[in-house]
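Subject: A structure for you to look at

Hello,

I am passing a structure on to you, with some notes on what turned up in it. Please open it first and keep it beside you as you read.

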Amino acid sequence: MMQCPKCGSSMNAVAAGFAATIHRCENCHGIACNDDALSDLQRQWFLWPKHDPREIDPGAARDGRRWNDKSDVPCPGCGAQMHTIQAPGQQHIRLDRCVACRMTFFDAGEMTDLRFDTLADSVRGLMARLRGG
């Protein structure tokens, strides 16, 4: 069983999306997933309204922000040191990333935040293309 890199609690495997499995801390609500699971979830973000987003990311962003100062934590997948990165195109979202096993850790609410920002960016891009911009 994986240990949460932020609060040290056990992380539970949770089926998310069609084929993805994520690991979620029931204490601080952080989420760990590998690149394949994250890609699977991102392809399905437009389908999330059919499901309660809290099934995947039950934590509130305000609760997750309290863990932002805890960085350079051990990867829950392989134990290597994770590094803090900015989410691509979303500079306000700081993620913990393991280069060794390609695991990303989201504090509570960050995955939902990334999802909504990414969807909004997609809609803005579509509207700009339709306007010829």
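The model is predicted, so local features need pLDDT of at least 70 and side-chain atom pairs count only at pLDDT 80 or more, while totals for chains, interfaces and linings use all residues. Residues are numbered from 1 along each chain as its sequence is written, and side-chain values use heavy atoms, with hydrogens and water left out.

Confidence comes next. The mean pLDDT (the predictor's confidence in each residue, from 0 to 100) is 83 for the chain, and 81% of its residues reach 70 or more. Helices (H or I, at least four residues) and strands (E, at least two) are DSSP runs numbered from the N terminus.

On a 1 Å grid over the protein atoms alone, a cavity is a set of points where a 1.4 Å probe fits but cannot get out, and a pocket is an open set with protein on both sides within 12 Å along at least five of seven lines; lining residues have an atom within 4 Å of a point. Points are joined across faces, edges and corners, and a volume is the space filled by probe spheres set on them.

There is 1 cavity of 30 Å³ or more. The largest cavity holds about 40 Å³, and its lining has 5 charged, 3 polar and 1 nonpolar residues. Strand E6 gives the largest share of that lining, 3 residues.

The second largest pocket has a volume of about 160 Å³. Of its 10 lining residues, Leu38, Gln42, Pro88, Leu95 and Leu114 lie nearest its centre. By class, this lining has 6 nonpolar, 3 polar and 1 charged residues. Leu95 also lines the largest cavity.

Finally, have a look at Thr104, in strand E7 (residues 103-106). The C-alpha atoms of Thr104 and Asn34 are 6.1 Å apart, although 70 residues separate them along the chain.

Best wishes

Note on methods:
Ala, Val, Leu, Ile, Met, Phe, Trp, Tyr, Cys and Pro count as nonpolar, Asp, Glu, Lys and Arg as charged, and the others, Gly among them, as polar.
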